[in-house]
Every structure is written in C-alpha cells, then in structure tokens.
Amino acid sequence: AWTFLLLLLPSLSDGGKLLVVPMVGSHWLSMQEVVEKLSERGHEVVVVVPEVSWQMETTQAYTVITYPVTQTLEELDNAFQEYVATHLTERPFPLKALALYNSSVHVFNTFFVQCKDLFRSQDILQFLNQSSFDAILTDPVFLCGATLANYFSLPFVFFMRGFPCNLHFAAPQCPSPLSYIPRLFTFNSDRMSFFQRVENALISLLELGYCNGFYRDALKLSSEVLQRDVSLVDLVNSAAIWLLRFDFVFEYVRPVMPNMVFVGGINCAKKKPLSK
C-alpha cells in the first residue's frame with residue numbers, strides 16, 4: 001500500500017517506474033496533473049493510450065505508448081452526445097433513472113471496446129509486461145487498468161471521482177448508512193424524508209444487480225483475461241490506495257478506510273480568469 005506514496009517521495013524512491021492507464025475525457029484532465037508532477041520528480045512514467053483517443057491530449061513530459069483500436073472518433077462522439085442529451089431531458093422518477101442507466105450502459109460499452117483492443121494487442125502487452133513497472137496508476141471507472149494490474153500482478157492505485165452503485169465505498173468495506181448517504185439515481189440530499197429513505201433503501205438493494213449489468217462486458221473480459229471467475233468487488237478491492245477527487249466540503253461526512261485519501265480540488269490546478 002505504500003508503493004505509490006514512496007513514488008511521491010523522490011528522495012526515498014529514486015527512479016520509480018509507473019504505468020498509467022487513464023480514462024479519456026475530463027477524467028484525464030485531473031490525472032494528467034499528477035502524472036506530470038511524478039515525471040518532474042524524476043520517475044519514469046509511461047502512459048498507455050488508444051491511437052484514437054477521445055478528448056485526451058498528451059505532452060512530452062512522459063512516455064506515451066499507443067495501441068491500435070477498431071473505433072472511429074465519430075462513434076465515440078456520438079455515444080457521448082447521446083449520453084449528454086439524456087441528462088438534459090427532464091423525466092419523472094423512475095423514468096429518468098432508467099433512461100440515465102441505459103444511456104450510461106451504452107456509452108460504457110462503446111468506449112470499453114478500446115480496452116478489448118488493448119488486450120488484443122499482444123505486442124503491447126508483452127512490452128508492458130517486460131518493462132518491470134513498480135505500480136499502475138489508473139482511473140478505474142472502465143476497469144481496464146484494474147484488469148491490467150491483476151493480469152500483470154502489480155500493485156495499483158485508483159485516482160477517481162467515484163464508482164456507480166457505491167462500489168468505491170463497498171469495495172474498501174466502508175460503512176454506508178442508508179439514513180443519510182443518498183444513492184446514485186435517487187437525486188436526494190443527505191437530509192431525506194421518510195419516503196426518500198425508503199426509496200434510498202430500495203435503490204441500494206438493486207445496486208449490485210444493476211452494477212453487474214453495467215459492467216457485464218468488463219467482467220466478461222476480465223474473466224477471460226485472468227482465466228477465472230471475477231466479480232466486481234474481487235477486481236477492485238485489492239487497490240493499494242484510493243485517491244478520491246472530492247472532499248467533505250462537497251460530500252457527506254462518513255467513515256473512510258486508512259488507504260482512502262481525499263485529493264479534492266486537484267483538478268483546479270490550472271486557473272483561468274473568467275470572461276467578462
């Protein structure tokens with residue numbers, strides 16, 4: 001669990017070697033700040049990205065390894081535009097929740113094809129496996145990095161905003177009181193009426209079921225790659241450190257585990273003046 005913390009201290013880990021498996025889009029904007037800082041401190045950082053990357057610019061501050069993919073940028077754009085349109089359409093509960101879920105599954109399956117392409121690239125996998133990395137840093141929402149870490153038997157660190165179905169608290173075995181921790185898709189606050197708490201409890205009973213459906217393709221690929229049956233919790237609960245991109249200023253006060261570190265505000269590193 002201390003591997004990544006040692007990488008942050010160049011005096012104690014001169015020449016650390018880190019493999020980064022990012023998620024595209026806005027998730028990468030925040031992670032890139034950390035990746036560049038690690039590279040500045042003298043660590044060898046390798047970022048693996050698809051040849052057709054969606055909203056993901058890279059710099060020369062680190063090594064970039066690309067792998068071929070079967071999708072076009074237009075396919076990725078269309079999937080995301082549909083996802084945004086669903087969020088902007090008003091519907092009553094539970095129709096809005098069902099629409100958001102179906103849209104999320106569609107955009108996940110579309111982008112997850114790129115993870116499948118990575119595991120089809122045997123030359124890239126062989127090169128990465130022979131590179132003797134110390135750890136993997138990944139945004140776990142697509143589970144590609146977690147699967148790769150288990151495949152290479154490397155310690156891994158999550159850099160993330162959150163999982164669906166409360167998995168980012170369930171996997172590290174954190175308490176999650178239904179009385180004041182609103183579940184995804186309920187749109188409630190931490191101050192709920194009795195009926196909202198009932199709704200919250202009902203949603204929580206469905207969480208693992210809908211999450212298994214959401215991650216069906218990812219679990220299927222992980223089971224094939226690791227050659228064993230894999231559950232969601234099995235895949236992510238061995239993360240050495242959870243770097244969570246939020247804090248209690250904007251979230252709900254709750255118990256956390258020792259390997260969960262709040263890094264809220266890190267995505268605000270680059271400041272720009274507001275337009276008039």
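Biologist: Over how many bridges do E5 and strand E6 pair in the parallel sense?

Modeller: This is a predicted model: local features need pLDDT of at least 70, side-chain atom pairs count only at pLDDT 80 or more, and totals for chains, interfaces and linings use all residues. Residues are numbered from 1 along each chain as its sequence is written, and side-chain values use heavy atoms, with hydrogens and water left out. Strands (E, at least two residues) and helices (H or I, at least four) are DSSP runs numbered from the N terminus, and two strands pair if DSSP finds at least two bridges between them. E5 and E6 (residues 241–244) are parallel, and the bridges between them number four.

Biologist: Which residue in E6 is the bridge partner of valine 157?

Modeller: Valine 157 belongs to E5, where leucine 137 stands opposite it. Its bridge partner in E6 is isoleucine 241.

Biologist: Through which helix does the chain cross from E4 to E5?

Modeller: E4 (residues 135–138) runs parallel to E5, with three bridges joining them. The β-α-β crossover from E4 to E5 is right-handed: with the strands pointing away from the viewer, the path from the first strand over the helix to the second runs clockwise. The helix on this path, residues 144–152, is H6.

Biologist: How many of the five residues of strand E5 are buried?

Modeller: Buried means under 20% relative accessible area, exposed means over 50%, and partly exposed lies in between (1.4 Å probe, protein chains only). Phe156, Phe158 and Met160 cover one side of E5, while Val157 and Phe159 cover the other. E5 (residues 156–160) is largely enclosed by the rest of the structure, because the number of its residues that are buried is five of five.

Biologist: How many aromatic pairs are there?

Modeller: Rings of Phe, Tyr and Trp (its six-membered ring) pair if their centres lie within 6.5 Å; planes under 30 degrees apart are stacked, over 60 edge-to-face, the rest tilted. By this rule, the count of aromatic pairs is 20.

Biologist: Why is the pair of phenylalanine 80 and tyrosine 83 called tilted?

Modeller: Both sit in helix H3 (residues 73–87), three residues apart, so about one helical turn separates them. Phenylalanine 80 is partly exposed at 28%, and tyrosine 83 is partly exposed at 25%. Their ring centres are 6.1 Å apart, and the pair is tilted because the planes stand at 35°.

Biologist: The charged end of which lysine sits over the ring of phenylalanine 133?

Modeller: A charge sits over a ring if NZ of Lys or CZ of Arg is within 6 Å of the ring centre and within 35 degrees of the ring normal. Here the charged end is 5.6 Å from the ring centre, and the residue is lysine 17.
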